2 protein chains.
Amino acid sequence: MDASTRSSEKLRQAVDGFWETYPPLWRMIQAHIRLVAVEQFNITVEQFHILRHIRRGRDSVSALAEAKNISRPAISQSVDLLVTRGFIVRTVNPQDRRHVKLDLTADGNALMDAIFGDTRQWMMKTFSLLSADEIEALTCSMESLKKIL
Amino acid sequence: MDASTRSSEKLRQAVDGFWETYPPLWRMIQAHIRLVAVEQFNITVEQFHILRHIRRGRDSVSALAEAKNISRPAISQSVDLLVTRGFIVRTVNPQDRRHVKLDLTADGNALMDAIFGDTRQWMMKTFSLLSADEIEALTCSMESLKKIL
DNA sequence: GTAAAATAGTTTCAATTGTTAACCATTAAC
DNA sequence: GTTAATGGTTAACAATTGAAACTATTTTAC
């Protein structure tokens, strides 16, 4: 077996590992978010993710559509709902009246704090089943993964 | 700073790293799947994931519903569509006639080979930007992560 | 300076996906 | 052998999404 075959084998291993690890983990996280979001605040997981993106600075319909890879009309409608629910406000930019800036309201921020805080706690509890070294290694590989995205 | 504070700090770091790494990566993967699935086969990403689960052995409506955390009727309907499209067959288990086993047809398997092969290639290309050590570490931490799920 | 093009967002409409409730068929329990 | 539990589907309805067409605003080109 030559070096390139061997390294390609390693790559394949990493890809397979990914498929066996992340989707189930992500599903568990989503399930946890759903629990808190639906039960306590009656919003969907997708709505939570929209709020999360807004909080992280994706504060326009286009930015959200790009970030979530779905159409602008779809975002526009979801935003509509969150506005009527009082979690977001739309503000037209006076410099360029085509732009509508999205911001979380106090309610929206409180909701995010609650859900995200809860989820973070759950994730920390889950990750704490790993040894200190494993956590270190995990953080490290996520760091290197982040670099190539 | 005592030991428990320090380890909790590490945990927090890991969780933050997760949120900065995984959702964007997942989004890119989904986008890639969507490209191939929609363009070449005209199925949605969600339909792809159902086929993926069936291929991995989640071969009943209940198993799929549990795996994807959605209701059985929802799965039943999606399966319906994929059956009429010729990607899945339903087979009643003669031992227990309540069970309906789901299997990919030849077409379904071909579709999966195409999409998954393509996606795998893309992922390998992406991961190959990492060093051999980083890939090793990544595989390793996914392995340890998998253990605690 | 105005007509044309580009940009940001919304509305409309149809398809898909999801939920709950009610249902059928089959098997297990007693 | 009736009753309960299991696996799945159907029905009715709400929510999400995308494509196409639309409005409003700004930029570009001449």
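Q: Which residues here are linked in a network of salt bridges?
A: A:Glu20, B:Glu143 and B:Lys146 are linked that way. A salt bridge is a Lys or Arg side-chain nitrogen within 4 Å of an Asp or Glu carboxyl oxygen.

Q: What kind of model is this, and how are things numbered?
A: It's a predicted model, with local features needing pLDDT of at least 70 and side-chain atom pairs pLDDT 80 or more, while totals for chains, interfaces and linings use all residues. Residues count from 1 along each chain as written, chains are lettered from A and ligands numbered from 1 in written order, and side-chain values use heavy atoms, without hydrogens and water.

Q: How many salt bridges turn up over all chains?
A: A search of the whole structure finds 22. Across the interface of chain A and chain B, there are eight.

Q: What does B:Glu20 pair with?
A: B:Glu20 forms a salt bridge with A:Lys146, and their closest N and O atoms are 2.7 Å apart. That pair crosses between chains, going from helix α1 (residues 3-41) of chain B to helix α6 (residues 132-147) of chain A. Helices (H or I, at least four residues) and strands (E, at least two) are DSSP runs numbered from the N terminus.

Q: Is B:Glu20 buried, exposed or partly exposed?
A: Partly exposed, at 37% relative accessibility. A:Lys146 also counts as partly exposed, at 28%. The cut-offs are under 20% relative accessible area for buried and over 50% for exposed, with partly exposed in between (1.4 Å probe, protein chains only).

Q: What is the N to O distance between A:Glu134 and B:Lys147?
A: The closest N and O atoms in that salt bridge are 3.6 Å apart.

Q: Okay, what about chain B by itself? Which residue does B:Asp80 bridge to?
A: B:Asp80 forms a salt bridge with B:Arg90, with the closest N and O atoms 2.0 Å apart. The two sit in distant parts of the chain, 10 residues apart: B:Asp80 in helix α4 (residues 72-84) and B:Arg90 in strand β1 (residues 88-92). B:Asp80 is partly exposed at 38%, and B:Arg90 is partly exposed at 35%.

Q: And what's the partner of B:Asp96?
A: B:Arg98, with the closest N and O atoms 2.9 Å apart. B:Arg98 is exposed, at 68% relative accessible area.

Q: What does A:Phe18 touch?
A: Leaving aside neighbours within four places in sequence, the contacts of A:Phe18 include A:Pro23, B:Tyr22, B:Leu25 and B:Trp26.

Q: Last topic: what's the phi of B:Asn42?
A: It is near 55°, a positive value in a residue other than glycine. B:Asn42 lies in the loop between α1 and α2 (45-55) of chain B and is exposed at 53% relative accessible area. B:Asn69 has a positive phi too, about 60°. B:Asn69 is in the loop between α3 (61-68) and α4 of chain B, and is partly exposed at 35% relative accessibility.

Key. Contact means heavy atoms within 4.5 Å.
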